[in-house]
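Please look at the sequence and the model first.

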Amino acid sequence: MDATALLETIERDTGPDPRWAVIWLHGLGADGNDFVPLVPELVRREWPPIRFVFPHAPVRPVTINGGAPMRAWYDIRELDLANRADEQGVAESVAQVEALIAREGERGIPPGRIILAGFSQGGAVTLAAGLRRREPLAGLVALSTYMPAAQGAQAALVEGASRQPVFMAHGSEDPVVPYLAGKQSAGLLRRLGFEVDWHVYPMQHSVSGEEVRDLGNWFNARLAGG
């Protein structure tokens, strides 16, 4: 797979000449369309114009699904979280996300005005990318997810990365990514120096209206004065 190729994306601008961007990574088997309907639910009238970028993950075989090809940010070889994420696939996806961040820079939006968000697999890539950001983004959003290769997180952390604020949320009844995995990942990020806004909701592997409201409040704090 060519990790340098720019991913196909869906874009939604909330107003003319956006000076902020949100890059949102979908979950396993979905595509960039998955979170497009969230934009009108999340965005508030007083916010500055934002470009929402929804990339499509590459299609690849996924081991735990019998090798069936589907959109995935990395292969899942086993259910055990310690060995779940294909580290090479995660690294390739991080490189592709970095290319999207660089493109926003070319279009006039610097890293300090970009929020990287993701759900499930997309959230795992968001956290992996966040550890490696020497120039901090405006924030990281990781929903119903976990830190891939958590045992190597300390070694992967670069100077300045922990200045990125993090919003993490999880369902207490999640059967796909266990709640405890999310909670432990939030704790790990805090030990690494990140400011983590952690939320739990009575839901499974999904997104709730209350979660969108809380995320909107978190966005509001990032966008203030923007």
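Which residue in β8 is the bridge partner of valine 141? The partner is phenylalanine 167.

## Basis of the model

The model is predicted, with local features needing pLDDT of at least 70 and side-chain atom pairs counting only at pLDDT 80 or more, while totals for chains, interfaces and linings use all residues. Residues are numbered from 1 along each chain as its sequence is written, and side-chain values use heavy atoms, with hydrogens and water left out.

## The sheet

Seven strands form an open sheet of mixed pairing, in the order β1-β3-β2-β6-β7-β8-β9. Helices (H or I, at least four residues) and strands (E, at least two) are DSSP runs, numbered from the N terminus, and two strands pair if DSSP finds at least two bridges between them. The edges are taken by β1 (9-13) and β9 (196-201), each with a single partner strand, so one side of each has no neighbour in the sheet. On average, neighbouring strands are turned by 15° against each other, direction ignored; axes are lines fitted to C-alpha atoms, for helices over the stretch in contact, and angles run from 0 to 180 degrees between N-to-C directions.

Strand β7 (residues 139-143) runs parallel to β6 (residues 114-119), and five bridges join the two. Within this pairing, alanine 117 stands opposite valine 141. With β8 (residues 166-171), β7 pairs in the parallel sense over four bridges. Five of the five residues of β7 are buried (under 20% relative accessible area; exposed is over 50% and partly exposed in between, with a 1.4 Å probe and protein chains only), so the strand is largely enclosed by the rest of the structure. In a regular strand the side chains alternate between the two faces of the sheet. In β7, Gly139, Val141 and Leu143 point one way, and Leu140 and Ala142 point the other way.

## Helices against the sheet

Together, β6, α4 and β7 make a right-handed β-α-β unit; right-handed means that, with the strands pointing away from the viewer, the path from the first strand over the helix to the second runs clockwise. Helix α4 lies across β2 (20-25), β6, β7 and β8, at about 140° to β6. Because 11 of the 11 residues of α4 (residues 121-131) are buried, this helix is largely enclosed by the rest of the structure. Another helix, α6 (residues 179-191), lies across β8 and β9 and runs at about 165° to β9.

## Nonpolar cores

A nonpolar core is a set of buried Ala, Val, Leu, Ile, Met, Phe, Trp, Tyr and Cys residues joined through side-chain atoms within 4.5 Å. The largest one has 46 residues, and Met168, Leu189 and Phe194 have the most contacts inside it. Its largest share, six residues, comes from α4. Apart from this core lies another of 28 residues, including Trp24, Ile115, Tyr201 and Leu223.

Contact means heavy atoms within 4.5 Å. Not counting residues up to four places away in sequence, methionine 168 touches several residues, among them Leu127, Ala142, Leu189 and Trp198.

## Two loop residues

Serine 208 is found in the loop between β9 and α7 (209-223), and is buried with a relative accessible area of 19%. Its side chain reaches the backbone nitrogen of glutamate 211 at 3.1 Å. Serine 208 also touches Tyr201 and Met203, not counting residues up to four places away in sequence.

Glycine 108 has its place in the loop between α3 (87-106) and β6. With 38% relative accessibility, glycine 108 counts as partly exposed. Glycine 108 and proline 18 are 90 residues apart in sequence, and 8.9 Å apart in space, C-alpha to C-alpha.

Notes:
Polar contact = N/O pair within 3.5 Å; in protein donor to acceptor, adjacent residues only side chain to side chain.
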